[in-house]
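Subject: Structure handover

Hello,

Here is the structure I promised to pass on. My notes on it follow below.

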Amino acid sequence: MQEFEVPEKSRAAVITEFNGELEVRELPIPSLEPGALLVRVEAATVCGSDVHVWDGSLHAGGIRPIELPVVPGHEMSGVVVAKEGESHFTGGGEVQIGDRIVFTQGRCGTCYFCAVVNQPNLCPNRRHYGTNCERYPYLVGGFSEYCYVYPQSQKIRVPDDVKPEWASAGSCALRTVISAYERLGRIQPWQTVVIQGSGPLGLFATALAKRSGAGRIIVVGAPEARLRLAEDWGATDLVSVADVPEAQARVEAVRELTGGHGAEIVMEWSGARSAFAEGLDMVRRGGRYLVGGQVGAHRVEITPSTIMKNNLQVIGSMSAVESHYWQAMDFLSRGQGEFDFDRLLSSRFGLDQVTEAFRGMRALTEIKPVIDFGATPR
């Protein structure tokens, strides 16, 4: 068994005020509860939800109360450097010091959603990553040199041929898409899939649509660099939001590409305010509409009879369970010869540059920033 020298403190980027500059602080390395782990974070990547934590929109919208200060970040992969008692991998085997892992949020395991309907992603007692860092266990965010792993979190092994940055992105965006595809059901080779959004969720959804054998894949998004990547990952047709700024015109573009009928399957991964109502009009009669990107608190107007008279299935999908994390790691391992996962990653930022990474995400100049713990502080 490997041994690691664990320091007394960990450098971490900390949100102290919404929409403000993050501070780099030294936080104490916590003692471990039974079943808990400590990982040295190999890679952390920025998710759009991290930006919503930083700008306060998740808190203001009542979606998830945030008590500052917090270490943000819930996409990370790491090496186990300390453990307390036994801990086991999803799929079998005991976690050992030196193993590379990703991990789920903590769940209670006994509530109705965890124990009765087997939907722990809906557990109301979940222990989130990115909580107040002035209380034990302090290091529960990815933008830190070390991270505490809850005993209730499920642990998934990272294959040897999967880069830490890929595993980090896969532990959120990819597993979320894999979970949604399971809820969506089978895709037939003759069917058309429309993907709203060309961020990490939409790009992974494009890759999975190709792997699923969809006959036509239409990606609606921007900017141009992301659309080019979507094309390389399987999109047969592109509708640029920059070139076609009006929602109705985008609907008409999709209708034209599908012989006037609309698509058998439309998936919303953009999070845009107008996307839901727009997407409903892109689905053919009798089709399926999956909503996976609407995390904001905004409200939109729709015509409910559209769902009824067109006999639509509207499917919501949130987060994932441990099997989807495992499948995400497997997809990254098996799919790297077909999909250049490095192209999903954008700039690297030191801990003292996380605010810049957030601003880049908000401006769409970054697809998936990587937090680099080896960067020299300015």
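Is C147 buried or exposed? C147 is buried, at a relative accessible area of 0% (buried is under 20%, exposed over 50%, partly exposed in between, with a 1.4 Å probe and protein chains only).

First, the ground rules. This is a predicted model, in which local features need pLDDT of at least 70 and side-chain atom pairs count only at pLDDT 80 or more, while totals for chains, interfaces and linings use all residues. Residues are numbered from 1 along each chain as its sequence is written, and side-chain values use heavy atoms, with hydrogens and water left out.

Cysteines
The disulfide count is zero (a disulfide being a pair of cysteine sulfur atoms within 2.5 Å). C147 is in no disulfide; its nearest cysteine sulfur belongs to C133, 12 Å away. C108 has its closest cysteine sulfur in C111, at 3.7 Å, which is too far for a bond. C108 is partly exposed, with 28% relative accessibility.

The open sheet
Six strands form an open sheet with parallel pairing. Their order is β10-β9-β8-β11-β12-β13. Strands here are DSSP runs of E with at least two residues, helices are runs of H or I with at least four, and both are numbered from the N terminus. Two strands pair if DSSP finds at least two bridges between them. The edges are β10 (237-240) and β13 (313-316); each has a single partner strand, so one side of each is left without a neighbour in the sheet. From one strand to the next, the twist averages 15 degrees (axes are lines fitted to C-alpha atoms, for helices over the stretch in contact; angles run from 0 to 180 degrees between N-to-C directions).

Within the sheet, β11 (residues 263-268) and β12 (residues 283-291) run parallel and are joined by five bridges. V266 sits opposite Y289 in β12. Helix α5 (residues 200-212) lies across β8 (192-196) and β9 (216-221). The angle of α5 to β8 is about 170 degrees.

D50 is worth a look. It belongs to helix α1 (residues 48-55). D50 is buried yet has no salt bridge (a side-chain nitrogen of Lys or Arg within 4 Å of a carboxyl oxygen of Asp or Glu). K368 is the nearest side chain of opposite charge, 6.8 Å away; Lys and Arg count as positive, Asp and Glu as negative, and His and the chain ends are not counted. Neighbours within four places in sequence aside, D50 is in contact with T45, G73, H74, F143 and F358 (contact means heavy atoms within 4.5 Å).

F358 is among the buried residues of helix α11 (residues 354-362), as are V354, T355, A357, G360 and M361. The buried residues of α11 pack against β1 (9-14), α1, β14 (348-349) and β15 (370-371). After α11 comes L364, with a positive phi near 65 degrees.

Backbone points to check
- Y136 to P137 is a cis peptide bond, omega near 10 degrees. P137 is in the loop between α3 (112-116) and β6 (146-149).
- A222 to P223 is also cis, omega about -5 degrees. P223 is in the loop between β9 and α6 (224-232).
- N19 has a positive phi near 70 degrees. N19 lies in the loop between β1 and β2 (23-28) and is partly exposed at 39%.
- N311 has a positive phi of about 55 degrees. N311 lies in the loop between α9 (305-309) and β13 and is exposed at 59%.

Best wishes
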